[in-house]
Amino acid sequence: MCELFGVNSSEKIQLNEMLREFFSHGVEHPHGWGMAFFYGNAVSLEKEPEASFKSAYLKQRLRVKIEADKMMAHIRLATRGTMDYENTHPFIMRDNSGRTWTLEHNGTIFECEALHHFINTQQGQTDSERILCYIVSRINREQERWERPLLAKERFQLLNQIICEITLENKVNLLVYDGELLYVHTNYKDSLFQCRKGKAMLFSTQPLDSDTWENVPMNTLLAYQNGKLLYSGTDHGNEFIDSEEKMRLLFLDYAHL
């Protein structure tokens, strides 16, 4: 599976050591790496469709001091979609109000009819990108209905509905940032951890240092702003549990990459 890393803080923190540890896991996740740094609604995106431990650019990048208050990073183990730039996380889209949405995903959508519509319109082939396409389409639909941009709580409530909808029988570990809120979700046991470091909240698929990392609450969408939990959603109960049939489907998908 892929690995996720995210930071949400009210002040910048230095990240080089944790990013070095995170990207060292690229040996087991060799199909791409990416980072997104956030400056309000602006996003600085860096990613390559190659293993993080092989990337000359990333090696040089990590030698320079990296400080951020909002950022996301990803290393990819492909289950769907070829090893190309357009399939490398994170993914970015703007809604019709001009708000930028950034998403990274660890998991697999085995079946979700609502996402099928975007197969022919997305840039790449991943189910992860389709989740973002669906989120932005629903945001646009609500904004057209209300004839105004959605407020933070309204955006959270809509994403809560979407998460409850798409998690049934699907593995959906997500970090999503909308320029204001960081949305965090897991429905797979022991696959997303959180750590408080002063005014910062950090999230990672695996603990990255010797500090105390706790499991992110299961099956519940959370939203953070400046390092503080702002909203907590519905416990949908759609825990993803591995099965032989799902593992067979993953094997078949991987064999065709």
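A nonpolar core here is a set of buried Ala, Val, Leu, Ile, Met, Phe, Trp, Tyr and Cys residues joined through side-chain atoms within 4.5 Å, where buried means under 20% relative accessible area, exposed over 50% and partly exposed in between (1.4 Å probe, protein chains only). The largest such core has 30 residues, and Trp101, Leu103, Ile131, Ile135, Ile166 and Tyr183 have the most contacts inside it. This is a predicted model, with local features needing pLDDT of at least 70 and side-chain atom pairs counting only at pLDDT 80 or more, while totals for chains, interfaces and linings use all residues. Residues are numbered from 1 along each chain as its sequence is written, and side-chain values use heavy atoms, with hydrogens and water left out.

**The cores**

- Strand E6 (100–108), helix H4 (127–146), helix H5 (152–166) and strand E7 (171–177) each give at least two residues to the 30-residue core; helices (H or I, at least four residues) and strands (E, at least two) are DSSP runs, numbered from the N terminus.
- Apart from that core lies another, of 24 residues, with Leu19, Phe193, Leu202 and Leu208 among them.
- Leaving aside residues up to four places away in sequence, isoleucine 131 touches Leu103, His105, Ile109, Leu115, Ile166 and Leu174 (contact means heavy atoms within 4.5 Å).

- Strand E5 (residues 91–94) runs antiparallel to E6, joined by four bridges; two strands pair if DSSP finds at least two bridges between them.
- Isoleucine 92 stands opposite threonine 102 in E6.
- E5 and E6 make a hairpin with five residues between them, and glycine 98 in the turn has a positive phi of about 95°.
- E6 and E7 also run antiparallel, with seven bridges, and histidine 105 has leucine 174 in E7 as its bridge partner.

- An open sheet of seven strands goes E3-E2-E4-E1-E10-E9-E11, with antiparallel pairing.
- Strand E3 (42–48) and strand E11 (214–215) are the edges, each pairing on one side only.
- Five bridges hold the antiparallel pair E2 and E4, and glycine 34 stands opposite histidine 74 in E4.
- Asn16, Met18, Leu19, Phe22 and Phe23 are buried in H1.
- Those residues cover an arc of only 160° around the axis, which puts them on the same side of H1; the arc is that of the directions from the helix axis to the C-beta atoms.
- The cover over the buried residues of H1 includes strand E1 (3–14), strand E9 (193–197) and strand E10 (200–204).

**Rings and charges**

- There are twelve aromatic pairs: rings of Phe, Tyr and Trp (its six-membered ring) with centres within 6.5 Å, stacked if the planes are under 30 degrees apart, edge-to-face if over 60 and tilted for the rest.
- Phenylalanine 23 and tryptophan 33 pair edge-to-face, 5.7 Å centre to centre with 80° between the planes.
- Phenylalanine 23 is in helix H1 (residues 16–24) and tryptophan 33 in strand E2 (residues 33–39), so their pair ties together parts ten residues apart in sequence.
- Tryptophan 33 and tyrosine 57 are stacked, at 6.1 Å and 15°.
- Tryptophan 33 is buried at 1% relative accessible area, whereas tyrosine 57 is partly exposed at 41%.
- The charged end of lysine 171 sits over the ring of tyrosine 188, 4.4 Å from its centre (NZ of Lys or CZ of Arg within 6 Å of the ring centre and within 35 degrees of the ring normal).
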